[in-house]
Amino acid sequence: MIQKLEAYFMKDFIEKGGALVVFAILMFIPVDFLRGIFMILMITIVLSHIDPYRRRKESISELMALPFSYSEIFWFPFVFLVTIVTIIQLSVGGIIDLGIYLSFSQILHSLIFLTAYYGIFNIFAIAGLSGGGFIWLFWVADMILGSIGPESQNLYRMISPIFQGNEIAALLFAVAILVVSFYLFSKKGVTKRWQKRSSM
Amino acid sequence: MAEKIVDVKNIVKKFGEKIVLNNVNFSVNYGEIFSLIGPNGAGKTTTLRCLYGDLFPDQGEIKIFGSKFNPNLKDRIAVMTENRISFSRFKGDDYRKLWSMLYPKWNDEIFNEFVIHYKLNLGERVENYSTGMKVIMNLALTVSSGAELLILDEPTLNLDPVVRSDMLRILKDFAKEGKSIVISSHEIYELEEIADAFAIIKEGRIIYTDTIDEAKAKHRIGGRNEKISGEIIGTVGDEVLYRTDKDEGRYPTLMEISIAYIQGQKRFAPFERSDL
């Protein structure tokens, strides 16, 4: 398993390393709003192989032709992103001396955001829609819904991956999205749109 | 050891409402080269994708190495897809590293033989290789993986005649070691040279499957106007293929068997007019 994970990381670094390094550096900017945008861009890059509108050479099929299972293809990129985001947040915490509590809180905040948006990207891709496009629509909707009315009366704000009004509720919401997306991914795959145009 | 390395039973696969595979059945023995023959869009690639777990059949069962298919078996299966190897920015050596990490029985010595013989530049990006070199690289990876089952989609497409002949010999030698190969190809003359058994697939159904020797023994070719005793399968040019146990006509080739089964008794002859 570790060997396969290592192989997957190596593949992603070779294919997408340049763009990922750029966004990883930009994530050092200590502004939550920008960090969210760069995290979405990283998700879009890491999951480009499952986006029905970005896939160039059917690379999910290329991955499935190797000894990877659907579960591994779902979880390995997630582990990859969690690793990158955690390292960056730990480094940022160290550089600006946030202290243990604030550093941990920042990491948790980023990981909740990452978990929710990773799941959202997958759900759109499984539905045959552009994950890389619709994830931004969700981001706008998340921003608008979380900003309506007074903070204390906005229930959505509690679970919003951007605002995380209540960290536990937001964490549970993010995990629920991730679990649903994994269930759909392992049951249906992401081949809907592509199957229709591929040769038989 | 189970006798069958692949056992496909009644698999059905739908894409939306469209039925792409309809009750597909066939089996492959250890040490056998099995070919899937059929026109474009018949369901060959879909069948192969079901074998290595890229697609899940809606019904039916696939057994590989005697067990119901599960992802843990995949490091014993090496696949060459119709799109070949296409990871961007990958150099030849990156592919070697990736495959050697994923296949526990990876054989570097065999891979190096390919590299030396075909002068593969492992420091160059594979996307810059010629189409033929990409196929060679893919075949080198597949054969060196140490897998017991190879699944190859059009493996000799775009190869020059010399390399093609080398590849056929290599695949034949590979199977002699008790390993098996499932090939989908339009190159029926090549398949006749190396395959032991075959299945003809048309519109998502297997319409005939047998060993090549048995298939030849069970069929004959006769003239369209000759008296024949047996079930007519289809036309092959100006002749017909029919199934009989009588010793008459001539033995067919695999190509003639395939054409007759796929074409049936319909014949496309635009220059033949009844009023001429």
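Predicted model: local features only at pLDDT ≥ 70, side-chain atom pairs only at ≥ 80, totals over all residues.
Trainee: How many residues of chain B are in contact with chain A?

Mentor: The size of an interface is often given as the accessible area lost when the parts come together. Here the count is of residues: 28 of chain B are in contact with 22 of chain A.

Trainee: Which helix of chain B gives the most to the side that touches chain A?

Mentor: That is α2(B), with 5 residues. Both α1 (44–51) and α2 (92–102) of chain B supply at least two residues each to that side. By class, the side of chain B that touches chain A has 12 nonpolar, 10 polar and 6 charged residues.

Trainee: What is the strand order of the open sheet in chain B?

Mentor: Strands of a sheet pair through backbone hydrogen bonds, either parallel or antiparallel. In chain B, 6 strands form an open sheet in the order β6-β7-β8-β3-β9-β10, and the pairing is mixed. At the edges are β6 (77–80) and β10 (205–211) of chain B, each pairing on one side only. From one strand to the next, the twist averages 15 degrees.

Trainee: How do β3 and β8 of chain B run, parallel or antiparallel?

Mentor: Strands β3 (residues 33–37) and β8 (residues 180–184) of chain B run parallel, joined by 4 bridges. Within this pair, I181(B) in β8(B) stands opposite I33(B).

Trainee: Which strands does helix α5 of chain B touch?

Mentor: Helix α5 (residues 161–176) of chain B packs on the sheet and touches β3, β7 (149–153) and β8 of chain B. The direction of α5 makes about 140 degrees with that of β8(B). Helix α8 (residues 254–263) of chain B lies across β3, β9 (197–202) and β10 of chain B, at about 25 degrees to β9(B).

Conventions
Residues numbered from 1 in each chain as written. Chains lettered and ligands numbered in written order. Contact = placed C-beta atoms within 7 Å. Nonpolar A, V, L, I, M, F, W, Y, C, P; charged D, E, K, R; others polar. Pairing = 2+ DSSP bridges. Axes fitted to C-alpha atoms, helices over the stretch in contact; angles between N-to-C directions.
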